[in-house]
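Let us walk through a protein model step by step. Keep the sequence and the 3D view side by side as you read.

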Amino acid sequence: MIDAEWWEYDSADEMAEAVAGDIAYIIGQALEARGRALVAFPGGSTPLPALKLLADMKIEWADVTILPTDDRLVPVTDKLSNAGMLARLFLPRKARVLPLIAGESDPVAAGRAADERIADLDWPLDVAWLGVGEDGHTASIFPGPDFEAAIAGPKARRAIGVRPDPLPENAPVPRVTLTGPTLVSARTVTLTVSGKAKRKVVEQALKQGSSSKLPIGRLLAELDMDIDIHWHP
């Protein structure tokens with residue numbers, strides 16, 4: 001079982017402040033060591049307070065490239081677009097925000113195109129910041145026909161189109177996600193969790209390890225490092 005350290009907070013605001021500080025430190029270390037940073041940030045409501053705080057921090061954002069961990073096949077102007085959310089927060093800070101979607105409508109083609117566009121970035125990620133759903137998905141790695149390729153595909157594949165089965169009710173569209181090998185190869189992997197139901201899912205996944213049927217369980221089982229898990233009720 002992976003060695004996970006839980007950091008518990010009384011409120012979403014308290015967690016946001018701590019997570020933003022941690023991510024800022026990681027970015028600062030990368031900039032000091034290599035003069036640039038490559039990070040992947042999640043979408044959704046849980047990380048948004050921390051992302052807002054992070055965007056206001058004094059960081060040399062012009063030397064930072066930001067990817068969404070995953071995105072929906074929607075225009076960047078759509079409220080469901082993770083890249084759109086990140087762009088609104090970080091482009092004014094002069095960061096480089098790279099979308100995974102470029103107008104494609106077919107998830108398979110979109111995944112191949114995204115993989116080609118990001119292939120020449122300075123891998124690995126300095127940080128992969130993950131979230132989790134109550135169904136155990138992380139990034140856009142869901143059960144479905146593309147699950148095994150997304151969770152354990154070739155290490156050379158950085159992004160892949162996914163067709164969740166069934167489609168999530170809150171955003172019933174296909175996705176593109178960074179692959180499991182790309183996420184777990186990051187120099188640092190951080191997980192933010194909100195609510196008791198999601199904590200129960202993560203605890204179950206950690207216990208099950210590689211035998212887990214939950215995407216988050218399969219992903220965490222592939223880590224060869226400790227992970228910090230930030231949680232508030």
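In which strand is Val189 found? Val189 is found in strand S9. Strands here are DSSP runs (E, at least two residues), helices are DSSP runs too (H or I, at least four), and both are numbered from the N terminus. Before going on, note that this is a predicted model, in which local features need pLDDT of at least 70 and side-chain atom pairs count only at pLDDT 80 or more, while totals for chains, interfaces and linings use all residues. Residues are numbered from 1 along each chain as its sequence is written, and side-chain values use heavy atoms, with hydrogens and water left out.

Back to Val189. Its relative accessible area is 4%, so Val189 is buried. Buried means under 20% relative accessible area, exposed means over 50%, and partly exposed lies in between (1.4 Å probe, protein chains only). What does Val189 touch, not counting residues up to four places away in sequence? The list is Ala128, Leu130, Leu183, Val184, Leu223, Met225, Ile227 and Asp228. Such a contact means heavy atoms within 4.5 Å. Now look at Glu169, which is 20 residues from Val189 along the chain. The C-alpha atoms of Val189 and Glu169 are separated by 27 Å.

One of the contacts of Val189 is Asp228. Asp228 lies in strand S10. Its relative accessibility is 28%, so Asp228 counts as partly exposed. Leaving aside neighbours within four places in sequence, Asp228 is in contact with Glu5, Trp7, Val189, Thr190 and Leu191. With Trp7 there is also a polar contact, side chain to side chain, at 3.1 Å. A polar contact is a pair of N or O atoms within 3.5 Å; within protein, one must be able to donate a hydrogen and the other to accept it, and residues adjacent in sequence count only if both atoms are side-chain atoms.

Next, the helices. Helix H1 covers residues 12-34. H1 has 23 residues and reaches 32 Å from its first C-alpha to its last, close to the 33 Å expected at 1.5 Å a residue. The expected span is 1.5 Å times one less than the number of residues. Buried residues of H1 include Met15, Val19, Ile23 and Leu31. The buried residues of H1 pack against several elements, among them helix H2 (48-55), S9 and S10. Just after H1, Gly35 takes a positive phi of about 75°.

Why is helix H3 (residues 82-90) largely enclosed by the rest of the structure? Eight of its nine residues are buried, so the rest of the structure largely encloses H3. The buried residues of H3 pack against S2, H2, S3, S4 and strand S5 (96-97). Ser81 caps the N-terminal end of H3, with a side-chain oxygen 3.5 Å from the backbone nitrogen of Ala83.

Helix H4 (residues 107-118) has 12 residues and should span 16 Å at 1.5 Å a residue; its end C-alpha atoms are 16 Å apart, which agrees. Pro107, Ala110 and Ile118 are among its buried residues. Strand S3 (64-68), strand S7 (159-162) and strand S8 (175-178) are included in what covers the buried residues of H4. At the start of H4, a side-chain oxygen of Asp106 reaches to within 3.2 Å of the backbone nitrogen of Val108.

Finally, the empty space. Rolling a probe the size of a water molecule over the atoms shows where empty space is left. A pocket is an open set of points on a 1 Å grid over the protein atoms alone, where a 1.4 Å probe fits, with protein on both sides within 12 Å along at least five of seven lines; lining residues have an atom within 4 Å of a point. Grid points are joined across faces, edges and corners, and a volume is the space filled by probe spheres set on the points.

The largest pocket has a volume of about 670 Å³. It is lined by 34 residues, and Arg72, Val132, Gly133, His137 and Asn170 lie nearest its centre. Which element gives the most to this lining? S9 does, with three residues. The second largest pocket holds about 240 Å³ of space. Its lining includes Ile151, Lys155 and Val184. The largest share of that lining, four residues, comes from H6.
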